[in-house]
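Hi everyone, thanks for coming along. I'd like to walk you through one model today, so please have a look at the screen.

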Amino acid sequence: MQYLMECSHTSVKVGWPDDVMRCDDIACYAMRRVIAIECREWHVKCNSCKWGRWFGQDEHGAKRAAAKHAHSCMVDYMRHPKLYDTLKRSYSRRVKPFILPAYGGNQLPGVRRYEPAPVLQMLDKVVNPDVPPF
Ligand SMILES: [Zn+2]
Ligand SMILES: [Zn+2]
């Protein structure tokens, strides 16, 4: 799972993160509260038949499968119901189900929509551990 910590750094872990994780960024290297866990995945759904599939964070795999399918498909990056349920059951309500640029999540490799913007770079420099950036 991809997760965002209070210091605005993101990381990836197989399975669910703890409430507090060590941030391995060289600027931090400290225990940080997890403030968001990405519960969206790429999803392909056929417009004509019942075929549909989740692709995790594999955007290219989703688009390739949609192109190969016989009918036209919808490709979407959307909330995965099971992941969202688990998040709601297992974590405090303060943990967000998406990593969005507005939360400071600009470090994810290979996820284009999280590219740093000037505003986010400023957020990185004024992180107050008691006031998460959302
Ligand atoms: Zn950090
Ligand atoms: Zn189909």
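Let me start with a term: two strands pair if DSSP finds at least two bridges between them. Strands themselves are DSSP runs of E with at least two residues, helices are runs of H or I with at least four, and both are numbered from the N terminus. Please keep in mind that this is a predicted model, where local features need pLDDT of at least 70, side-chain atom pairs count only at pLDDT 80 or more, and totals for chains, interfaces and linings use all residues. Residues are numbered from 1 along each chain as its sequence is written, while chains are lettered from A and ligands numbered from 1 in the order in which they are written.

Now, the sheet. Three strands make an open, antiparallel sheet in the order β6-β5-β7. At its edges are β6 (52-54) and β7 (73-79), each pairing on one side only. From one strand to the next, the twist averages 20 degrees. Strand β5 (residues 40-46) is joined to β6 by three bridges, and H43 stands opposite W54 in β6.

What lies across these strands? Helix α1 (residues 59-68) lies across β5, β6 and β7, at about 0 degrees to β5. Here axes are lines fitted to C-alpha atoms, for helices over the stretch in contact (C-beta atoms, placed from the backbone, within 7 Å), and angles run from 0 to 180 degrees between N-to-C directions.

H60 sits in helix α1. Is H60 buried or exposed? H60 is exposed, because it has 10 other C-beta atoms within 10 Å. The cut-offs are 20 or more for buried, 12 or fewer for exposed, and partly exposed in between, with C-beta atoms placed from the backbone. Between the C-alpha atoms of H60 and W42, 18 residues apart along the chain, the separation is 9.2 Å.

On to the cores. A nonpolar core is a set of buried Ala, Val, Leu, Ile, Met, Phe, Trp, Tyr and Cys residues joined through C-beta atoms within 7 Å. The largest one here has twelve residues, including Y3, C23, I35 and L87. Both β1 (2-5) and β4 (30-37) supply at least two residues of this core, and β4 gives the most, with four. A second, separate core has five residues, among them W42, V44, A66 and C73.

Last stop: R22, found in strand β3 (residues 20-23). R22 is partly exposed, because 13 other C-beta atoms lie within 10 Å.

Note on methods
Contact = placed C-beta atoms within 7 Å.
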